[in-house]
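Student: I am new to this structure and would like to go through it. Please show it first.

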Amino acid sequence: MAELFIELFSEEIPSGMQARAADDLGSLLTKALDGLNPRDLRMFFGARRIAAILTVDAEIPARSMSERGPREGAPEKALAGFTRKHGVTPDELTLENGFWVLNKSLDPVSAESCVAEAVPELLWKFPWPKSMRWGAGSNFTWVRPLRRIACLLDGHVVPFALAREGDDAHGLKASNLSEGHRFLAPGPFEILSGQQWQEELETRSVIVDMDSRRDMVRTGVARLADQHGITVVQDDGLVDEVCGLVEYPVPLLGKIDAAFMDLPAEVMQVSMRINQRYFALRNPDGKAAPYFAFVGNLPFKDGGKLTTAGNERVLRARFADARHFWDLDRKTKLADRVPALAAVTFHAKLGTQAERAERISKLAGTVAQAMGLDGAQIAQAERAGLLAKADLTTGMVGEFPELQGIMGGYYAAHDGEDEAVSRAVAEHYLPRGQSDETAKAPVSVAVALADRLDLLAGFFAIGELPSGSGDPYALRRAALGIIRTIRDNGLRLDLTELFAQAANGRMGGELAKLPDFIAERLRVQLRSEGERHDVLAATLAGGLDGDLVRLLARTSALSEMIQTEDGRNLLAAAKRAANILRIEDKKDGPHTGAPDPALYTQDEERALATGLDQAVPAIETALKEERFTDAMQAIAALRPTLDRFFEAVTVNAPEPEVRANRLKLLSRFRETTALIADFGQIEG
Amino acid sequence: MSATRPLCFQDLILRLHQFWSEKGCAILQPYDTELGAGTLSPHTTLRALGPKPWAAAYVQPCRRPSDGRYGENPNRLQHYYQYQVLLKPTPEDSQQLLLDSYRAIGIDPELHDIRFVEDDWENPTIGAWGLGWEVWCDGMEVSQFTYFQQVGGIPTVMPSTELTYGLERLAMYVQGVENVYDLDFNGKGLTYGDVFLRAEQDYSRHNFELADTQMLLTHFNDAERESMRLAEAGVAQPAYDQCLKASHLFNLLDARGVISVSERASYIGRVRALAKAACEAWLAGEEETSHG
């Protein structure tokens, strides 16, 4: 048993690639050293290094192998090929059961030679998403120049070099050297063990454990904020990114010049995050606090005074730029920007953003009407739809595309548009992602739906559908946005009708596939919520009900029903009936049409017929009135009648007309269940 | 930095010249045609190709017509200076060299926060890309650091280190000035504004309002034709000059707002084709001389 230590020390690795690279190194080592039974793997990564510490066996023990070669009497050539492959002579083979067999005992392989062979191979092939060449001619590539390789087994260097025939691989070879902080502890030091390496790095101002760095950033920033009675805007992505940029995180707080505090909070936050990797802070009332937090890479000689002043100055310049756009943009009304959208292409086959704005406006009105909004709200939805994309021509959105919508909302409010209109302009991109909220204000909802309906109808009409992992126009996200918005707001809309409106006379393409596309997204969504997808499939069997609220209510009523004992038995009976019909229909089916009461010979038949006669109108009325639980109860109530029928009645009676009549009765039962769902789709 | 008086603009340049001269660079003078970036100078673009070592440093005036702000923006200029260094092959201590040059102009990395923040550099108009970083000082990008991987659509057989300093930004930082026009130019009372403000105002009008677009279009077509003809004749640098002219003319047309989004890509493609042809012509000549 030995400790294997590997560190790959390089120039600064992009922050976003470090964790993945550490993962890759771990799994490649585990795979390549399989024979050494690798275990207790610990990975480290940071700005200038990825490293692994693991336990391996001291050797791959001696073992024997046996490989079957060509058949006895096979051509000379085949035998020669086999011996060449294994580097043996024919007299080392034995004849077993008509085949030439090579039995070989393998010597033990030391961990050292195993590692020395595997690691260079692994480094040459390391899967960086993007790598580079450097120096005077080696083809060994790395994400940025690789400067040192440390590789030790129980503290002893595993001797290997990366050089291959004709390529010196920058002269890189395994050593026992590492380096500390670039500025505070330049130059190499000797590694004795994984533990000592970690400790030595800490004395040399490198916190090599990612979790420890995260912790230093989180608690450090929170403490600074606390001193001023303010709080940090949580941003785990930013914490991770910053921790990949610094080897010794030192959180610091800077002040924001009062002159900029009237900028929209989102503008300040985006500028700070995207351009500067700063954390935004909030006052107790939730408004932007006049501070920002940033993370330096070392404990500064002056406590960070100079660097804080420098960062404050940089932020002033950034905010001055933002202020420039903010002031300039507000000089032109959002409404006056709509014509300029004619110069912005949306998609070559789908026209300009101006045409799109027209479509969204019209559609937003239609949706608002379908939602039952009043005349004023319908007009607001149309207005907001028209203005929704106009902020694409503003300087601020040009600079920060992630502020689209949000800026439009601010500018619309500034122009004196109705509150509902400016709010809808701001909110129509909701939900922006999985974890984002959906729009709630009615006018916002109408525009949010119209935007996505137009997007889907447009791209389906020109046949640009998502395929596999490719979804360049984010159509899946749009469909999910529609589904979530409708569900969260309990909207009673007919999507089928709205898609027809969105298609706006356009025909063909793949438009017909749109309902199935929505159904598929719904299935994926329900599955992610832990719902049974087979139940949804059963209610979707007749095609997508454009009223998702109704569809889901029905699905959940069905879901509940099949969990009751009556429901489970009914389901079994339905499947049994379907099986019998499938088999018998094949012989001389189909057996449809009303059964003849005169041909019933047993009471159980008559009871079932009567039961069905009563259940069908009850189910139909309940479904129509959307009393889905009542509908389910009406069908579940048939259970004892059905049980008795299957117990007492032989469907395949010897008299042909009795048999046919009984099959017709079963068929009528199947039709009745079909009113509810396709029970055949339900598992179990 | 607080103890001694900060460097004036021209002394900053002189210090950098001194520093890179001591490191063995040829100190060259600015290239004599309009360029959008120091990278575009043939001292970088053409020299980055082929198997011959090279080390040079120079100041390059850069023109970005659309960045004109009529002298009213404290940070943006349509004409500014880059300090450009090309080291081929990439030295082992490229990063250390850059940091030492910062010390030489008065930036102490133990007082200031110096970071290497990833940057995948790309210049589609000359078919070039490389990997490297934006180098930040206290949150401000003060240099661009690139290991060239491809130029003119041709992989670099001997990769080089390219260091580009934004001189005005760096000077503003060193001097603690918030408006570029307030920069101390010569240490004797002359400001950056005294030298350049009038030009920024006039060129902004020229770039956005006055430049004759019909003439620019004609010149673009002429430069394109000439560049191709010269590249075919195997005279690489004259061909490349015409490519640079076409590139600048395109930038002017773009500033004048006469190039639509869809046309843009096609113009960039045309300039890239010229750059590629000139680079290929250069490489052909290099191979001849290295074998001859």
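Student: Which residues touch the most other members of the largest nonpolar core?

Tutor: This is a predicted model, in which local features need pLDDT of at least 70, side-chain atom pairs count only at pLDDT 80 or more, and totals for chains, interfaces and linings use all residues. Residues are numbered from 1 along each chain as its sequence is written, while chains are lettered from A and ligands numbered from 1 in the order in which they are written. A nonpolar core is a set of buried Ala, Val, Leu, Ile, Met, Phe, Trp, Tyr and Cys residues joined through C-beta atoms within 7 Å, and buried means that 20 or more other C-beta atoms, placed from the backbone, lie within 10 Å of the residue's own. Among the 267 residues in the largest such core, those touching the most other members are F292(A), A446(A), V447(A) and A278(B).

Student: Which helix gives the largest share of this core?

Tutor: Helices are DSSP runs of H or I with at least four residues, and strands are runs of E with at least two, numbered from the N terminus. The largest share of the core is 14 residues, and these come from helix α15 (residues 442–461) of chain A.

Student: What is A446(A) in contact with, beyond its neighbours within four places in sequence?

Tutor: Two residues are in contact if their C-beta atoms, placed from the backbone, lie within 7 Å. With those neighbours left aside, the partners of A446(A) are A364(A), V367(A), A368(A), M371(A), L373(A) and A381(A).

Student: Which element gives the largest share of the side of chain A that touches chain B?

Tutor: The contact takes 33 residues from chain A and 29 residues from chain B. On the chain A side, the elements giving two or more residues are β17 (288–296) and α8 (305–329). The largest share is eleven residues, from α8(A).

Student: What radius of gyration does chain A have?

Tutor: The radius is taken over C-alpha atoms, and the globule rule is 2.2 Å times the number of residues to the power 0.38. The C-alpha trace of chain A spans about 100 × 95 × 50 Å along its principal axes. A compact globule of 684 residues would have a radius near 26 Å, but chain A has 36 Å.

Student: Why is E141(B) classed as partly exposed?

Tutor: E141(B) lies in strand β6 (residues 140–151) of chain B. E141(B) is partly exposed because its count of other C-beta atoms within 10 Å is 17.

Definitions and conventions: Buried ≥ 20, exposed ≤ 12 C-beta atoms within 10 Å, placed from the backbone.
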